[in-house]
Amino acid sequence: MKKVLLSVVAGAMIFTAGFGGSAVHAATPKQVEVLLNTVKMKFPDALPFQDGQGSVMVPIRFVSEALGGKVTYSKTGKVSKVGIKTKEHTVDMTIGQTTALVDGQKRDYGTQIILKQNRTFVPLRLVSEGLGQKVEWDKIDRWVWIGNKDFRSTDEKEFKVKPLSDFKAYGKSNFVFNNIKDEKFDGIKVIKESDLPLRLADGQVIYSLKLVQRTGGNFIQIRSSQRGTTIQLLVKNEFSKGRSHVENAFVNNGDQTGLNFYPEISSTDKFQNRKYIDGFDYTKFKFSQADYILFSSAELDDYGVAIVNPFK
């Protein structure tokens, strides 16, 4: 089946004609997250951050140990040292310095290695050069990518299929749990925001969801490897709220991902079970009313994928 793929264009573009002519309103910067082989790492206390110089700082112990490294600490007088040893590399650092010895070679990182919340934080580049890992900074989602980008798929066994009977309260719309062939799904796989990024079957990757404000109201912003995926907002004991992305608001990030925007208020809610309901008031709907967001994707054949609504 032919898939709608992102076209490669130079730079990120956004067109606002007919969309209020306004970009996304400024918001508080999102927490920096670290992804190891596309899976978000969990830190028990001290979290990664971006310092005043713009350098991304990561707690080196948890990252090193996740990569199989051994971390040692020592203190002589007021001088605190940290060492990391893996099968291939050795790193020696001194708290308060901008340099480190990587396999015996002095490297300057331009930002001090610091102690914060009893954790040693180092510049992101040290992870790359010191531990021999491929590292990327993703400014769109404020993610640190470490390792490979072999995305997990909803086809994997860790994501269990739930029977459609579990979603009876959302079945008022006769066709909501049908695939693009208009055949009923065998069941639904429920995922959480923390599972992202995630590939839908063998197709597109869903990276992140955000609630943003634009001229015209609230929108769900979905970062995806595909342009124009349709979603269904599932509200208990109500007809589903189908949403298509606003075509002239699409942003191509220039990294094989794009931002799709879905409006909170849409006159398409007047169509219920494919019939137009004259006089239906569609203006009262809020994203917070939905329990799930169901993705409509060509790659989903036997099962559907619904994410627990993170904006509820």
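A word on the basis. This is a predicted model, in which local features need pLDDT of at least 70 and side-chain atom pairs count only at pLDDT 80 or more, while totals for chains, interfaces and linings use all residues. Residues are numbered from 1 along each chain as its sequence is written, and side-chain values use heavy atoms, with hydrogens and water left out.

Salt bridges come first. By that I mean a side-chain nitrogen of Lys or Arg within 4 Å of a carboxyl oxygen of Asp or Glu. The structure has 20 of them.

One of these joins K30 to D141, with the closest N and O atoms 3.8 Å apart. The two residues come from distant parts of the chain, 111 residues apart: K30 lies in the segment before β1 (33-36), and D141 in the loop between β12 (135-138) and β13 (143-146). The strand names are DSSP runs, numbered from the N terminus; a strand is a run of E of at least two residues.

How buried or exposed are these two residues? D141 is buried, at a relative accessible area of 1%, whereas K30 is partly exposed, at 30%. The cut-offs are under 20% relative accessible area for buried, over 50% for exposed, and partly exposed in between, with a 1.4 Å probe and protein chains only.

D141 has another salt bridge, to K210, where the closest N and O atoms are 3.9 Å apart. This pair also links distant parts of the chain, 69 residues apart, since K210 sits in strand β17 (residues 205-214). K210 counts as partly exposed, at 23% relative accessibility.

Elsewhere, the side chains of E158 and R152 meet in a salt bridge at 3.2 Å, N to O. Through shared partners, salt bridges join K30, D138, D141, K210, R223 and D255 into one network.

Strands pair if DSSP finds at least two bridges between them; β12 and β13 run antiparallel and are joined by four. E136 stands opposite W145 in β13. Four residues lie between the two strands of this hairpin, and R142 in the turn has a positive phi of about 55 degrees.

Last, the sheet. In general, strands of a sheet pair through backbone hydrogen bonds, either parallel or antiparallel. Which strands form this open sheet, and in what order? There are six, in the order β14-β15-β26-β25-β19-β20, and the pairing is mixed. β14 and β20 (241-243) are at the edges with a single partner strand each, so one side of each has no neighbour in the sheet. On average, neighbouring strands of this sheet are turned by 35 degrees against each other, direction ignored; the axes are lines fitted to C-alpha atoms, and angles run from 0 to 180 degrees between N-to-C directions.

Strand β15 (residues 187-191) is mostly covered, with four of its five residues buried. With strand β14 (residues 161-163), β15 pairs in the antiparallel sense over three bridges. In that pairing P163 stands opposite G187, and V161 stands opposite K189. With strand β26 (residues 303-308), β15 runs parallel, joined by five bridges. I191 has I307 in β26 as its bridge partner.

That is what I have; questions are welcome.
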